[in-house]
Amino acid sequence: MKKRISSFTSGFFAALALAACLTTALAASGKVSYNFANVALDGQQKITAGQDITAANGQKVPGSILYTDEAGGKTNYLPIRTISELLGVEIGYDSASKTVLLGKQPTKPATEAQPARDENVIDLSIPKEVPKNPRRGDVDLIKSRGGTILPDDDVNSYRGSEKMYRDKNGSLRYEYLVGNDGALPELDKKAKEIYLVNGDFPKNKKGETYGTMLLADYVGYAPDLEVEEEGYVRFAEKQAASDAMVGLSKEECPHEYTYPVYDKEGEFLREVKAACHGHFEGKSEEYVRQAIEEGRLW
């Protein structure tokens, strides 16, 4: 298995799962309705009210979500992959910047400088020289949450004109996103209301932080216990179970693995099964995209 492909698929499906957790929490407050709307394209109905649709990984997900705010205003949310397919627009996902990519993406020119070795940073541009007016962040807040400020005179400390730092777990992140409400997408603002206490992840009785990875850049580090649909997971445990299958041929691979799930207090709940991320060695990009959309592993 190619780790680049597995990082993409796991990151994309994880984003779907986290979004599901968030909307479930909102639904509990009576602000969300599911499968509320029909959707038609050129007069032909494509999404039917009252019915789920099937995501690329085989999971049933809402065909539409209706969110009603405190003032009574209503906003419909539709599955972006389905809409992109209906309109014939290519779709992708950049897990490093949490960006949904629509349409053809421009080819980035090669640069002489090489990125620092960090698998959490994908396809980001390091400048050839230190930017004159880089965008910085709240250095004191970053330090208070265990972050390490990188040297100002090193081009590897930047991505474009953005200054980077290393969080307490060693992951490379953007300075300006930490504690910056203005940079939060609307979905993440709702997650902030649900998962954070005074702008930080809450702690359980064991002293472990818990919450959603959607807010890791805002808080300044990833939580110890990451929320999923089944409960909370320790990322390192799940990653180790997944990594054990990296490099296996489709004949050798068991095609699924298990990892433990906990409650927010870090108490074990159950083992959960997950599928491997596919076997696409030597396959074209078009083949891989089609296989992922059809839920195939090779």
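User: Where does asparagine 198 lie?

Analyst: Helices (H or I, at least four residues) and strands (E, at least two) are DSSP runs, numbered from the N terminus. Asparagine 198 is placed in the loop between H4 and S14. The model is predicted: local features need pLDDT of at least 70, side-chain atom pairs count only at pLDDT 80 or more, and totals for chains, interfaces and linings use all residues. Residues are numbered from 1 along each chain as its sequence is written, and side-chain values use heavy atoms, with hydrogens and water left out.

User: Does asparagine 198 count as buried or exposed?

Analyst: Buried means under 20% relative accessible area, exposed over 50%, and partly exposed in between (1.4 Å probe, protein chains only). Asparagine 198 counts as exposed because its relative accessibility is 78%. The backbone at asparagine 198 has a phi near 55 degrees, a positive value in a residue other than glycine. Histidine 255 is a further case, with a positive phi near 70 degrees; histidine 255 is found in the loop between helix H6 (235-243) and S17.

User: Threonine 209 also lies in a loop. What is threonine 209 in contact with, leaving aside its neighbours within four places in sequence?

Analyst: Contact means heavy atoms within 4.5 Å. Threonine 209 sits in the loop between H4 and strand S14 (210-211), and threonine 209 is buried because its relative accessible area is 3%. With neighbours within four places in sequence left aside, its contacts are Phe201, Pro202, Lys203, Tyr221, Ala222, Pro223, Asp224 and Leu225. Phenylalanine 201, counted in the same way, touches residues that include Leu196, Thr209, Leu215 and Val219.

User: Which residues have the most contacts inside the largest nonpolar core?

Analyst: A nonpolar core is a set of buried Ala, Val, Leu, Ile, Met, Phe, Trp, Tyr and Cys residues joined through side-chain atoms within 4.5 Å. The largest one here has 14 residues, and Leu196, Phe201, Leu215 and Val219 have the most contacts inside it. At least two residues of this core come from each of helix H4 (186-195), helix H5 (216-219) and strand S15 (225-227). Apart from this core lies another, of ten residues, among them Val233, Tyr259, Val261 and Ala274.

User: How many bridges join S17 to strand S18?

Analyst: Two strands pair if DSSP finds at least two bridges between them. S17 and S18 (residues 268-275) run antiparallel and are joined by seven bridges. Strand S17 (residues 256-262) is mostly covered, since five of its seven residues are buried.

User: How many residues of strand S12 are buried?

Analyst: Four of the five residues of strand S12 (residues 162-166) are buried, which leaves the strand mostly covered. S12 pairs in the antiparallel sense with strand S10 (residues 148-149) over two bridges, and threonine 148 has arginine 166 in S12 as its bridge partner. S12 also runs antiparallel to strand S11 (residues 158-159), joined by two bridges. S11 and S12 form a hairpin with two residues between them, where glycine 160 has a positive phi of about 65 degrees. Strand S13 (residues 172-174) pairs with S12 in the antiparallel sense over three bridges; tyrosine 165 has arginine 173 in S13 as its bridge partner.

User: Which side chains meet lysine 163 in a salt bridge?

Analyst: Side chains of opposite charge can pair when their charged atoms come close. A salt bridge is a side-chain nitrogen of Lys or Arg within 4 Å of a carboxyl oxygen of Asp or Glu; the structure holds 15 of them. Lysine 163 meets aspartate 152 in a salt bridge (3.0 Å, N to O). Aspartate 152 lies in the loop between S10 and S11 and lysine 163 in strand S12, so the pair ties together parts that are eleven residues apart in sequence. Aspartate 152 counts as partly exposed at 42% relative accessibility, whereas lysine 163 counts as buried at 0%. Lysine 163 also forms a salt bridge with glutamate 175 (3.5 Å, N to O), and both glutamate 175 and lysine 163 are buried. Salt bridges that share partners join Arg136, Asp152, Lys163 and Glu175 into one network.
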